[in-house]
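Here is a short briefing for a first look. Start with the sequence and the structure, then read the points below.

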Amino acid sequence: MKKRKTRWLPIGLGVVGWAIGAGLPVSAQSTSSTAAIAATETAPLPPTAAAAMGGSGETKIFPLADLKKGMWGVAYTVFEGVNPEPMRVEILGVLKDSLGPGRDMILARLHGTKPEFTGVVAGMSGSPVYIDGRLVGALSYRIGQFSKEPIAGITPIEQMLEVRDGAVLPASARGARQNDTSASMADKPAINASNDLQMQAMETPLVFSGFSQETVQLFGDRFREMGMTPVAGLGSADTTAAQPEPLVPGSAVSAVLVRGDLSVAGTCTVTYVDSTRLLACGHPITQYGPVDMPMTKATVVATLPSPLNAFKIVNTTETVGAFTEDRASAIMGRFGEKARMIPVSVEIEQPATSGTAVSTTKQKNFHFEVLDNRQLTPSAMLVSVYQSLQGTNSAAAEMSYRLTGEIGVAGHVPVHLDGMITQSDLNPAAINAALFVNDRFSKVYGNPLDQPTITGVKLKMEGVSERRTAVLESARLGVLEARAGDTIDTEVTLRPYQAEPRLVRLKVKLPADLNRGTLRVLVSDGATVDRLLASSSSANRSVGLADAIDQMNRLHANNRIYVTLLSQEAQAALEGATLPGIPLSMANVLGPLKDSQRINLNGESVVEAASVTTGDAVSGAQILHLTIR
């Protein structure tokens, strides 16, 4: 039997010609579907896109109830540049309650040279689908990975419009950052990296501009868990760059997490636009609810095909508003809104070396802004601080950092940061420095009782080209007996890392009200003193923002040696302060508070007597005895 040759129709000048000649043989088209295809693809742009470019038109909705298997439509997305391109869509059916009760999904197959080559692409989510010029919904889901066919799930537009019609005021209009954490990752359609048949949201490409691949590999899992695909070096950001083309259905749009000398932005596709707002993605980014993220236009440099994870390479351009809602069916942005960001400055002084001799120091400054969102901000802050340290030629594994700085909090004193950050057996110094800052920042930002407004973060890192740690080996007092009010000498032996021991001397002024008898003297690092002064309730009870800041500011630096007197008198440790030397009668009064874990009563009072800086991160402690005559 002679094999039948496939015939192709000539490609016309309009979209109809493109659609018929885009890679689907004429023999594959049924007679009944040809007219429907032509009817849905007669316009080169979706109706609202034509309106944005000076024409007239209004978005019309294709009801989900009228959708039938075998219908043909057209979807729009940007494969390269800024202009949306059409691709044919074949409706396969409707999956009832597939995303949850009352949340249906439309299953469709994409046709055309580009979608059949690239497959379903990360960043394509939100691409609008039209039938007969009416909006059906947004391409938003795919089936596993390594799919041989570009089969996608469509979020019905009715579900997306619920976000528009039921949205609350943007966070900037409410004057505060949202603190509703009721939406969890369990509420969001799961993203599974394994090659199974699970229906999953199309990943949002998260472009890290100014970040190394090492940084993205170290911290990328924090963002992958939220359905984002972190990539480094495959895109750029300039939120001040003009992009004259308007945002229309099918355009690429970006949500900014970090901007400035460093940039992090996630990109998806616009589904619906009106005069004041737009809907995009067709699925959540985090499903946090109310959000406050800068919204920018974007240019697609190229679309990278891959059977594992195809995605769009994107340049982020001018800011046009703010995303204010991140819901189950869509994210919503408002034009003209200004998102609140947290300014961060990192000043780094690194030793400049010439051969083996350190000659001078050089300074590098980073200035960037981080979004204000409880779920995303801590991770964005952590990765940005780490990259700031790694973004210099002087960065090395065997390094230490003298860290100082502050975290500004509206209505409160700043949180002071101070310490010598060194490498450990697990991490280099740069990671430990970023974790140190993130620990302090998270304790303020995630306070469970109060909602803080962070006004800024200022950090100064002075690099030292060696591991600056030391162990407190021994200590001794200059005398064995003394009187209250005397000044005595103390001598401490430190053993620096891979170096000879050295002596540190300091004078200790004894309080004038010491009782006669044996006095214990503690010579130690700062962490040991912190444990003595801490209230046992602090680990079990949540404290307000003011108390939390006070507790952090009373922490002792790790690069100093402390001399602490342990007198035989009762001490009460509360959430906000430590009361040494309290009378026995007062201790009895405070007893009931101990039962409710609001206070910690000790048999010894801790009195800080002296301290001295060492230049090293010190660890260790020694107990000495002094007789008070």
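Is Cys281 buried or exposed? Cys281 is buried, with a relative accessible area of 0%. Buried means under 20% relative accessible area, exposed over 50%, and partly exposed in between (1.4 Å probe, protein chains only).

This is a predicted model: local features need pLDDT of at least 70, side-chain atom pairs count only at pLDDT 80 or more, and totals for chains, interfaces and linings use all residues. Residues are numbered from 1 along each chain as its sequence is written, and side-chain values use heavy atoms, leaving out hydrogens and water.

**Disulfide**
- The whole structure holds one disulfide, a pair of cysteine sulfur atoms within 2.5 Å.
- Cys268 and Cys281 form this link, S to S 2.2 Å.
- The link of Cys268 and Cys281 is left-handed, with -90 degrees about the S-S bond.
- Cys268 lies in strand S12 (residues 263-273) and Cys281 in the loop between strands S13 (277-280) and S14 (289-304), so the pair ties together parts 13 residues apart in sequence.
- Strands (E, at least two residues) and helices (H or I, at least four) are DSSP runs, numbered from the N terminus.
- Cys268 is buried too, at 2% relative accessible area.

**Nonpolar cores**
- A nonpolar core is a set of buried Ala, Val, Leu, Ile, Met, Phe, Trp, Tyr and Cys residues joined through side-chain atoms within 4.5 Å.
- The largest has 72 residues, of which Leu257, Phe323, Ile454 and Met461 touch the most other members.
- Helix H10 (residues 429-445) gives the most to this core, with 10 residues.
- A second, separate core has 25 residues, including Ala470 and Val618.
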